[in-house]
Amino acid sequence: MAITAQDVNKLRQETGAGMMDCKKALTEANGDFEAAKDILRKQGQKIASKRADNATSEGIVLTHVSEDGKNGKVIALACETEPVSKVADFQNLAKAALETAVSTNAATKEELLAAPQADGRSLQDHITDLMGKIGEKIDVVSYETVSAEQVVNYNHSNGKLGVLVGLVNTGGANVEEVGKDVAMQIAAMNPIAVDKDGVDSATVEREIEVGKEQARAEGKPEQMLEKIAMGKLNKFYKDNTLLNQDFVKDPSLSVAKVLDNTSKGLTVSDFKRVAIA
């Protein structure tokens with residue numbers, strides 16, 4: 001049957017696919033709109049499979065904190081190239097993904113991707129459809145949540161980095177302001193844990209062994225290696241765990257001290273730092 005421009009435009013409006021792709025799909029489906037939609041979806045699936053191993057170093061990171069301030073979510077939707085990350089359809093999909101995370105309170109990335117959208121299909125289906133339209137890999141590369149007495153978020157100006165900070169013992173004034181400062185600290189310094197207790201045992205053991213080997217290479221006595229390695233481990237904690245780091249805005253104070261000075265007992269219970277790079 002003849003495929004009219006009106007038919008093509010109607011399919012384009014319903015699917016968001018390109019004009020030529022819509023025309024090809026309608027032609028292949030002999031004008032059957034539902035069959036044409038299936039063809040376009042399969043096109044997205046083929047692109048998803050073909051480009052599965054491609055790197056996704058561009059995209060957008062979005063954060064959200066609930067109205068009561070007790071729960072935060074951060075999501076990273078990534079693509080292959082910067083121009084795609086600026087396309088309205090991509091940006092809208094990222095916003096829809098975050099809205100879905102909020103409305104469903106998804107606990108994991110897998111739950112989020114399986115969550116139904118307004119049309120009943122999953123978020124993953126919508127991502128696959130957009131891959132068919134745009135022609136490159138798109139993926140939710142990270143999804144994290146934080147719950148605490150008070151959650152503070154920070155979005156970096158490049159749109160590719162977001163931070164959530166969970167604060168406890170938040171009874172004093174200026175808590176949100178210092179929380180923002182701490183979130184910016186996390187963005188800049190990329191700590192591996194809140195405190196030394198949060199560093200996994202494998203990392204601790206590796207740092208001790210590295211410290212011993214460095215001391216041995218410097219000719220230090222064998223009986224001193226353990227003590228020297230523990231000193232180096234404490235320096236590692238100071239540089240790489242949030243509460244022990246020097247506060248960027250005032251290096252004479254640790255982050256823990258700045259928090260306690262703001263409100264007695266104020267501290268960080270959890271944080272998430274998500275970046276696309």
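The model is predicted, so local features need pLDDT of at least 70 and side-chain atom pairs count only at pLDDT 80 or more, while totals for chains, interfaces and linings use all residues. Residues are numbered from 1 along each chain as its sequence is written, and side-chain values use heavy atoms, leaving out hydrogens and water.

Let's start with the sheet. Strands of a sheet pair through backbone hydrogen bonds, either parallel or antiparallel. Here three strands form an open sheet in the order E1-E2-E3, and the pairing is antiparallel. Strands (E, at least two residues) and helices (H or I, at least four) are DSSP runs numbered from the N terminus, and two strands pair if DSSP finds at least two bridges between them. E1 (58-65) and E3 (138-147) are at the edges with a single partner strand each, so one side of each has no neighbour in the sheet. From one strand to the next, the twist averages 10 degrees. E1 and E2 (residues 71-79) are joined by eight bridges, and Ile-60 is found opposite Leu-77 in E2.

Now for the helix. H7 packs on the sheet, where it touches E2 and E3; contact means heavy atoms within 4.5 Å. The direction of H7 makes about 145 degrees with that of E3, with axes fitted to C-alpha atoms, for helices over the stretch in contact, and angles running from 0 to 180 degrees between N-to-C directions. Among the residues of H7 that are buried are Leu-123, Ile-127 and Leu-130, where buried means under 20% relative accessible area (1.4 Å probe, protein chains only). After H7 comes Gly-135, with a positive phi near 90 degrees.

Definitions and conventions: Buried means under 20% relative accessible area, exposed over 50%, partly exposed in between (1.4 Å probe, protein chains only).
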